[in-house]
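Dear colleague,

Here is the structure I said I would pass on. My notes on it follow below.

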Amino acid sequence: MTTPSTAPARVADVQRNTSETQIRVHVNLDGSGKAQLSTGIGFFDHMLDQIARHGLIDLEVEAKGDLHIDGHHTVEDVGITLGQAFAKAVGDKTGIRRYGHAYVPLDEALSRVVIDFSGRPGLHMRVPFKAGMVGAFDTQLAFEFFQGFVNHARVTLHIDNLHGENAHHQAETVFKAFARALRMALERDERLGDAIPSTKGSL
């Protein structure tokens with residue numbers, strides 16, 4: 001049986017360069033929550049920091065995008081690159097719990113996130129944001145971020161904002177709950193050992 005001390009490091013470094021964005025993402029899935037973030041969108045950096053801090057994932061994101069147009073390409077492509085990094089770091093998913101879920105409140109807002117490292121991309125997101133912008137972040141782009149992540153990490157992801165009147169609070173509960181669900185799903189299951197958590201034998 002592979003123990004956490006002898007298991008291979010779950011780290012990845014991925015770069016994505018297009019005519020619209022240049023992005024580098026580094027992840028350590030067994031980190032301590034450290035983050036170095038630079039996307040050019042302050043509130044987006046704040047949300048990515050929630051993923052690192054509450055998921056206990058070390059995360060570096062360097063993104064340069066066509067922000068003179070808007071934030072769409074930058075946010076979406078960070079989601080894509082982060083998904084690729086997660087897929088690379090988690091490997092064949094040996095020994096992970098696979099499923100994770102979390103409820104997170106912030107004042108009047110409450111969100112629920114459920115994730116399955118299923119190998120099958122699928123996103124359900126129901127977040128009725130009460131404002132179109134939080135700082136320089138277009139709240140519509142939260143969906144684009146998670147869609148990019150889902151498609152490339154190959155996970156099934158359900159996101160529901162159950163209550164919320166303040167868009168900042170709504171977004172923050174979503175990203176914190178996402179982080180906590182990730183942390184649960186990616187934990188190594190001692191009872192499972194070196195097995196893959198699927199009756200198919202692969203994910």
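**Helix α2 and its end**

Directly after helix α2 comes G91, which has a positive phi, near 65°. Please keep in mind that this is a predicted model.

The helix itself covers residues 72-90.

**α2 against α3**

The axes of α2 and helix α3 (residues 141-153) are 7 Å apart, and the two helices pack at an angle of about 25°. Angles under 35 degrees count as roughly parallel, and α2 and α3 are therefore roughly parallel to each other. The crossing of α2 over α3 is right-handed. On the α2 side, the contact is made by H72, V75, E76, V78, G79, I80, L82, G83, Q84, F86 and A87. On the α3 side, L141, E144, F145, G148, F149, H152 and A153 take part. By type, the residues of this contact of α2 with α3 are ten nonpolar, six polar and two charged.

An α-helix has 3.6 residues a turn, so residues three or four places apart point the same way.

**α3 against α4**

Helix α4 (residues 167-186) is the other partner of α3 to report: their axes come within 12 Å and cross at roughly 15°. That makes α3 roughly parallel to α4. Here the crossing is left-handed. F145, F146 and F149 of α3 meet V174, F175, F178 and L182 of α4. The residues of the contact of α3 with α4 comprise seven nonpolar, no polar and no charged. F145 and F149 are also listed in the contact of α3 with α2.

**I159 in strand β10**

I159 lies in strand β10 (residues 156-163). Is I159 buried or exposed? Its relative accessible area is 0%, so I159 is buried. Leaving aside residues up to four places away in sequence, I159 touches R112, V113, L123, H124, M125, R126, V127, F146 and V174. Among them, F146 and V174 also belong to the contact of α3 with α4. As for A109, I159 is 50 residues from A109 in sequence and 14 Å from A109 in space, C-alpha to C-alpha.

Regards

Terms used: Residues are numbered from 1 along each chain as its sequence is written. This is a predicted model: local features need pLDDT of at least 70, side-chain atom pairs count only at pLDDT 80 or more; totals for chains, interfaces and linings use all residues. Side-chain values use heavy atoms; hydrogens and water are left out. Axes are lines fitted to C-alpha atoms, for helices over the stretch in contact, and angles run from 0 to 180 degrees between N-to-C directions. Helices (H or I, at least four residues) and strands (E, at least two) are DSSP runs, numbered from the N terminus. Angles under 35 degrees count as roughly parallel, over 145 as roughly antiparallel, 65 to 115 as roughly perpendicular and the rest as oblique. A crossing is left-handed if the near helix is turned anticlockwise from the far one by less than a right angle, and right-handed if clockwise. Contact means heavy atoms within 4.5 Å. Ala, Val, Leu, Ile, Met, Phe, Trp, Tyr, Cys and Pro count as nonpolar, Asp, Glu, Lys and Arg as charged, and the others, Gly among them, as polar. Buried means under 20% relative accessible area, exposed over 50%, partly exposed in between (1.4 Å probe, protein chains only).
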